[in-house]
Amino acid sequence: AILSDVYPYPLDYGEAPLINQAMRLAKGENIYRSSLETPPFTIANYPPLYVISLVPFINSPLNPFQVGRVISTTATLASALFLGLTTLHLYKSKLAAITTGALLLSFPYVVEWSTRARVDNLALAFATAALYIFASWPKSKWGVFGGGLLLVAAAYTRQSYALAAPLAAFVWLWRHNKLR
């Protein structure tokens with residue numbers, strides 16, 4: 001992960017379009033084009049939250065590819081932490097919590113994508129943080145609001161997160177009589 005984070009050039013086909021979108025957004029340009037008649041001939045196929053997270057670093061001396069990879073790596077570690085905290089809260093077992101977080105970090109897909117400037121791991125971090133909040137404070141209005149806000153953030157990072165995580169949260173809250 002560290003070697004990927006310091007490499008200043010694209011490592012993946014999807015990194016450059018996301019960085020380009022952040023550069024365009026930093027200039028005040030729309031990243032969602034209605035026509036492909038003029039350059040750039042790229043399509044913004046993700047919601048804007050990850051791209052927005054890159055914008056503050058576009059005009060800094062930091063390399064945007066490296067910043068994007070650090071965001072993804074940090075988000076992956078945060079996901080492991082939130083899964084571990086959720087397990088600890090629900091089962092009161094430190095061993096189970098550590099195992100849960102370590103299992104996430106052992107999946108090759110997760111390890112590979114955590115070293116890329118891509119939207120996936122930031123969306124996962126928002127979703128796992130939301131599930132932790134729902135598990136920890138299910139009866140609190142602020143817990144439901146905060147968890148809901150994080151689910152919206154996950155969906156605005158990667159649109160596929162508009163289904164699985166909200167459904168899991170709803171079923172868990174319903175099952176434990178928190179929504180009835």
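Reader: Which residues of H8 are buried?

Author: A residue counts as buried when its relative accessible area is under 20%, as exposed when it is over 50%, and as partly exposed in between (1.4 Å probe, protein chains only). In H8, the buried residues are Gly-143, Gly-146, Gly-147, Leu-151, Ala-153, Ala-154 and Ala-155. This is a predicted model, in which local features need pLDDT of at least 70 and side-chain atom pairs count only at pLDDT 80 or more, while totals for chains, interfaces and linings use all residues. Residues are numbered from 1 along each chain as its sequence is written, and side-chain values use heavy atoms, with hydrogens and water left out.

Reader: Which residues touch the most other members of the largest nonpolar core?

Author: In soluble globular proteins, nonpolar side chains tend to be buried together. A nonpolar core is a set of buried Ala, Val, Leu, Ile, Met, Phe, Trp, Tyr and Cys residues joined through side-chain atoms within 4.5 Å. The largest one here has 18 residues, of which Leu-18, Tyr-50, Leu-54 and Ile-71 touch the most other members. Helices H2 (15–26), H3 (49–58), H4 (64–91) and H7 (120–136) each supply at least two residues of this core. A second, separate core has 14 residues, including Val-110, Leu-124, Leu-151 and Ala-154.

Reader: With which residues is Pro-47 in contact, leaving aside its neighbours within four places in sequence?

Author: Contact means heavy atoms within 4.5 Å. With those neighbours left aside, Pro-47 is in contact with Tyr-32, Ala-155, Tyr-156, Thr-157, Arg-158 and Gln-159. Pro-47 is placed in the loop between H2 and H3, and counts as buried because its relative accessibility is 14%.

Reader: How many salt bridges does a search of the whole structure find?

Author: A salt bridge is a side-chain nitrogen of Lys or Arg within 4 Å of a carboxyl oxygen of Asp or Glu. The search finds 5. One of them joins the side chains of Glu-15 and Arg-69 at 2.8 Å, N to O. Glu-15 belongs to helix H2 and Arg-69 to helix H4, so this pair ties together parts that are 54 residues apart in sequence. Glu-15 is buried, at 0% relative accessibility, and Arg-69 is likewise buried, at 0%. Another bridge joins Glu-112 and Arg-116, whose closest N and O atoms are 2.5 Å apart. Here Glu-112 is partly exposed, at 41%, whereas Arg-116 is buried, at 13%.

Reader: Which residues form a nonpolar patch on the surface?

Author: Patches are made of residues with over 30% relative accessible area and no salt bridge; like charges are joined within 9 Å, and nonpolar side chains (Val, Leu, Ile, Met, Phe, Trp, Tyr) within 5 Å. This patch consists of Leu-163, Leu-167, Phe-170, Val-171 and Trp-174. Trp-174 lies in helix H9 (residues 164–175) and is partly exposed, at 40% relative accessibility.

Terms used: Accessible areas come from the Shrake-Rupley method with a 1.4 Å probe; for residues, only the protein chains shown count as cover. Helices (H or I, at least four residues) and strands (E, at least two) are DSSP runs, numbered from the N terminus.
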